[in-house]
Amino acid sequence: MTVAPPSGRRSIDVHPAWLPAEVFRAIGSRRVLVSGDGLLVDTVHAETRTACARFGGSVTRLSIDGDADLLLALTGSTRADLDGDLGDEGYTLGRAGGRTTVTADAPVGLLYGLFHVARLGESAFHGDIATQVHRPAIRRRMLDHWDNVDVHPVMGQVERGYAGGSIFWRDGAITDDLDRVRAYARLLAASGVNALTINNVNVGRTEARLLTDRLADVATFADIFRPYGIRMHLCVTFAAPMVLGGLATADPHDEAVRDWWAATTAQVYRAVPDFGGYVVKADSEGQPGPFAYGRSHADGANLLADALAPHGGVVHWRAFVYNHRRDWRDRSTDRARAAYDHFAPLDGQFRDNAIVQVKYGPVDFQPREPVSPVIAAMPATRLAVELQVTQEYTGQQRHVCYLAPLWSEILGFRFDGDSLEADGDADRDLGASVAAIAARGGTLAAVSNVGDDPFWCGHPLAQANLYAFGRLGWDPTADPAALLDEWIDLTFPAGSVSDPVQLRQTLHAIMDDSWRTYERYTAPLGVGWMVNPSDHYGPAVDGYEYSQWGTYHFADRDGVGVDRTRATGTGYAGQYPKPWSDVYESLADCPDELLLFFHHVPYGHVLHSGSTVIQHIYDTHFAGADEAVAMRDRWRDVADAGLDPALYARVADRLDEQVRSAREWRDQINTYFFRKSGVPDALGRRIH
């Protein structure tokens, strides 16, 4: 199961992910009409032409007359007025009179409609289908690549990359395998992603030059992604006027600095007319920013927003700002508070095209965190919500950890305390949910998990996370289990395996609950951060406990957890609106899964589940390790299912490592807390 590149130099064999040729059999075996003009209509025509050449169908261009099984047409007389304007990306899909019809107001909508028909397969061509309107709930579904042009001496080619090298850069230059990049653009469009950055937010000196004398590289990539409706963005350094322009300052109030950004940005748009904008990490973890000049984050973001505004661009200004040189002895300091303390007072001070990009949790993509209170604290500011597809703290693509259930919980979280009805209707009012706030801000962003590995993500099953991110960006109410079904059926089409039903059941058994499995054998009850500081892989209970980075669990002989209450702790719980500020403040009401994030409690504290904290730690870590073994055994059951031997072997190898690592987590965590507490396991299991 390999994918041939569209043209030019042949790539090494690369797994086709969720777009194997078989996915287009239903389309390619029929008569297709493609009507309309434009670059993306050309893409639609090319996709259908390739499918028809393979499977015996036919395709006609620039006509809506004649017999056809599938019509793909830009709007006009072909579409009745259904629920208003479709927008740039919306489309309709229906079937009547033996014809399946997709219409769109703009070419990119037609491309999304084509991929929808591909997902439906044969079911798109049987019976009648009432015409429905499909529009994305969130305007910009954006992947942030942390790729370095030059190999970083510590972080390598891709920072927090677990799937090999960069697909964009090699040996300090643009890759010579642009066909691989085209294949990637196609995959992203099929999942719903429409924006990306191609360089690290920690911008090095070489990467900074993409803004000026290496702008031709950016234009090359923009030309590749444009036919798939994906807009290019750049991570830039706030110090660019000094690093690149020779100025003595980067002060956002300095006229020379403002002029430099305006002129440089105009140059970018001359090279890439549909350029999306900038992404900035400033005054965070050593990156330069406006603090050096006594200016605020709003001052810094507005500087770039003003330069982008004449061209229709936006700046995404990351809110990941905290003091990473703190004294571990000072219990009043709390990294979780930092983003709110920095940004909430600035609400209403940002330009309309300045988007504050907020990590979904207050710390750093742990397996379990509360939703960041910043997301509720800035109603007069456009916000982007940032997820992490790359599995930095969730197994690094060596462990199966399907993250869509986690993201679904986050996107459905409502600050008014009401549950979000996941009814699958992307057009209904999302209320006070995180998804609604991201929709108003215009962006759902995520750190990419892709590298030049033949399986794209290192672990073949980690492809499901990349796919689900795009699909949840389109419809945040989508059921994660249904998205997993989609991914399975596309990636392993029925004709390619001996028993598709068994394979689907097996993959669901392995993947559905894998995020919670990972949580069970790693850090308990929301405490987080019990990882090796060097690479964030594997257990080190005290790895960050006495660190300047400021993430602690405060375990001692009497108890564990961080007191973040207003009454006796850091006050972080008070950053939430009611009712959550009261829920998290209350030891009685705080959810078990977040207890140790908000409270320091004795080991004998009884959870809502009826278990004590210490017994919960023992039970979940034994259970999680056992579940990892069961996942490995289930995969062995499909050894004869007709899977690609290389894919089967890669997954088997990763599951072996997951079992080993889960046991290591179990033994180190349980032993640590047994020695701290002196409380034996009630079930008498072996603890070292």
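I began with arginine 414, which I found in the loop between helix 12 (404–412) and helix 13 (434–441). Since this is a predicted model, I take the values below as computed from its coordinates. Arginine 414 has a relative accessible area of 14% and is therefore buried, the cut-off being under 20%.

Next I turned to tyrosine 552, which sits in the loop between helix 17 (514–521) and strand 19 (559–560). With a relative accessibility of 8%, tyrosine 552 counts as buried. Leaving out residues up to four places away in sequence, I listed what tyrosine 552 touches, and the list reads Asp327, Trp328, Tyr544, Glu545, Ser547 and Val562.

Histidine 536, found in the loop between helix 17 and strand 19, has a positive phi of about 65 degrees although it is not a glycine. The relative accessible area of histidine 536 is 5%, so I note it as buried. Tryptophan 456 is not a glycine either, and I read a positive phi of about 70 degrees for it. Tryptophan 456 lies in the loop between strand 18 (443–447) and helix 14 (463–474), and at 3% relative accessibility it counts as buried. For the peptide bonds, I noted that the one from lysine 578 to proline 579 is cis, with omega near 10 degrees. Proline 579 itself is in the loop between strand 19 and helix 18 (580–585).

Which residues of helix 6 are buried? I listed Leu215, Asp217, Val218, Ala219, Phe221, Ala222, Ile224 and Phe225. That is eight of the eleven residues of helix 6 (residues 215–225), so the helix is largely enclosed by the rest of the structure. The partners against which these buried residues pack include strand 10 (169–170), strand 11 (173–174), helix 4 (178–191) and strand 12 (195–197). Strand 13 (231–235) and helix 8 are also among the elements packed against the buried residues of helix 6.

The crossing of helix 8 past helix 9 is right-handed. From helix 8 the contact takes in Val257, Arg258, Trp261, Ala262, Thr265 and Tyr269, and from helix 9 it takes in Leu303, Leu304, Asp306, Ala307 and Leu308. Sorted by type, the residues of this contact are eight nonpolar, one polar and two charged.

For helix 2 (residues 39–55) and helix 3 (residues 107–120), the axes come within 7 Å and cross at roughly 25 degrees. Helix 2 and helix 3 are therefore roughly parallel to each other, as angles under 35 degrees are counted that way. On the helix 2 side I noted Leu40, Val41, Thr43, Val44, Glu47 and Thr48, which meet Pro107, Val108, Leu110, Leu111 and Leu114 in helix 3. The residues of the contact between helix 2 and helix 3 divide into eight nonpolar, two polar and one charged.

Last I checked the cysteines. How many disulfides are there? The count is zero, where a disulfide requires a pair of cysteine sulfur atoms within 2.5 Å. For cysteine 235, the closest cysteine sulfur is that of cysteine 457, at 19 Å, which is too far for a bond. For cysteine 401, the closest cysteine sulfur again belongs to cysteine 457, at 14 Å, and this too is too far for a bond. Cysteine 235 is buried at a relative accessible area of 2%, and cysteine 401 also counts as buried, at 3% relative accessibility.

Note on methods. Residues numbered from 1 in each chain as written. Predicted model: local features only at pLDDT ≥ 70, side-chain atom pairs only at ≥ 80, totals over all residues. Heavy atoms only, no water. Buried < 20%, exposed > 50% of the residue type's maximum accessible area, 1.4 Å probe, protein only. Left-handed = near helix turned anticlockwise from the far one by under 90°. Helix = DSSP H or I, 4+ residues; strand = E, 2+ residues; numbered from the N terminus. Contact = heavy atoms within 4.5 Å. Nonpolar A, V, L, I, M, F, W, Y, C, P; charged D, E, K, R; others polar. Axes fitted to C-alpha atoms, helices over the stretch in contact; angles between N-to-C directions. Parallel < 35°, antiparallel > 145°, perpendicular 65-115°, else oblique.
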